[in-house]
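Here are my notes on this structure, point by point. Please read them beside the coordinates.

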Amino acid sequence: MNRKHLVLIPLVLFFAVLFCSPVHFLTIRDGGGSGLARYSLRGGEEFAVRYIHSVQKTPVIEVFRLDFRQGIELRETVYHDFGAGLPFLVEEGAVFSSGNGKYRISGIRKPLGDIVFRVGRFADYQLLIRGREIPFTTFEKPGRSLRLSGERRPYLLSLFY
């Protein structure tokens, strides 16, 4: 074997591993299962969904992270008012705090699998990801459902999303 092959083999192996390594995606599908959007996420990166609570008419933010063993995991809930349908009891390991006019339950590690949302007519659902605010109506009409799920795909495919 000549020197060219000795240099070329590790280089080819490096790029093969790089392009085949899995990348995590948040995938959004419509009610029929058709893909509408896909966002690549770095390990441990969080995203959130903000909406207007149907009873209290105040904003609620739910923070999630992808866990590929169990799907999407709820990590935190932030809201501005107590009322019907808003959490007030914390589960084991979670912490309730308040300040600056907000109530926060953090330290939640609740596996949810996929999450299905109905695009609200008045709730103004928005996906918060990497500093962007994307209304759910960008993906689907009000009254229709959206399924958020986690996927793993080869790195090479992440170059196209």
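1. Ser 40. This residue lies in strand E2. Strands here are DSSP runs of E with at least two residues, helices are runs of H or I with at least four, and both are numbered from the N terminus. Ser 40 counts as buried, at 18% relative accessibility. The cut-offs are under 20% relative accessible area for buried, over 50% for exposed, and partly exposed in between, with a 1.4 Å probe and protein chains only. Leaving aside neighbours within four places in sequence, Ser 40 is in contact with Val 23, His 24, Phe 25, Glu 45 and Arg 130. Contact means heavy atoms within 4.5 Å.

2. Basis of the model. This is a predicted model, in which local features need pLDDT of at least 70 and side-chain atom pairs count only at pLDDT 80 or more, while totals for chains, interfaces and linings use all residues. Residues are numbered from 1 along each chain as its sequence is written, and side-chain values use heavy atoms, with hydrogens and water left out.

3. Overall make-up. The chain has two helices and 12 strands. From the N terminus on, the order of elements is α-β-β-β-β-β-β-β-β-β-β-β-β-α. Of the 161 residues in the chain, 35% are buried. Take the contacts with a separation of 6 or more: residues 24 or more positions apart account for 55% of them.

4. The four-stranded sheet. Strand E2 belongs to an open sheet with the order E2-E1-E12-E9 and antiparallel pairing. Its edge strands are E2 (35–41) and E9 (115–118), each of which pairs on one side only. Neighbouring strands of this sheet are turned by 30° against each other on average, direction ignored. The axes behind that angle are lines fitted to C-alpha atoms, for helices over the stretch in contact, and angles run from 0 to 180 degrees between N-to-C directions. E9 pairs with strand E12 (residues 145–154) in the antiparallel sense over four bridges. Two strands pair if DSSP finds at least two bridges between them. Val 116 has Arg 147 in E12 as its bridge partner.

5. From E3 to E5. Strands E3 and E4 run antiparallel and are joined by seven bridges. Tyr 51 has Val 60 in E4 as its bridge partner. E4 in turn is joined to E5 by eight bridges, again antiparallel. Here Val 63 stands opposite Glu 76 in E5. E4 is mostly covered, with seven of its nine residues buried.

6. From E5 to E7. Strand E5 (residues 71–79) and strand E7 (residues 102–106) run antiparallel, joined by three bridges. Thr 77 stands opposite Ile 105 in E7. E7 also pairs with strand E6 (residues 95–99), in the antiparallel sense over five bridges. Ser 98 has Tyr 103 in E7 as its bridge partner. The hairpin of E6 and E7 has two residues between the strands, and Asn 100 takes a positive phi near 55° there.

7. Aromatic rings. How many aromatic pairs does the structure hold? There are seven. Rings of Phe, Tyr and Trp (its six-membered ring) pair if their centres lie within 6.5 Å; planes under 30 degrees apart are stacked, over 60 edge-to-face, and the rest tilted. Phe 47 and Phe 64 form a stacked pair, 5.6 Å centre to centre with 25° between the planes. Phe 47 lies in strand E3 (residues 46–52) and Phe 64 in strand E4 (residues 59–67), so the pair ties together parts that are 17 residues apart in sequence. Both Phe 47 and Phe 64 are buried. Elsewhere, Tyr 51, Phe 117, Tyr 125 and Phe 136 form one aromatic cluster.

8. A charge over a ring. Arg 38 lies over the face of Phe 25, at 5.9 Å from the ring centre. The criterion is NZ of Lys or CZ of Arg within 6 Å of the ring centre and within 35 degrees of the ring normal.

9. Glu 133. Is this residue buried or exposed? Glu 133 is exposed, with a relative accessible area of 51%. Its place is in strand E11 (residues 132–135). Leaving aside neighbours within four places in sequence, Glu 133 is in contact with Arg 50, Gln 126, Leu 127 and Leu 128. The side chains of Glu 133 and Arg 50 make a polar contact (2.9 Å). That term means a pair of N or O atoms within 3.5 Å; within protein, one must be able to donate a hydrogen and the other to accept it, and residues adjacent in sequence count only if both atoms are side-chain atoms. Glu 133 and Val 49 are 84 residues apart in sequence and 9.2 Å apart in space, C-alpha to C-alpha.
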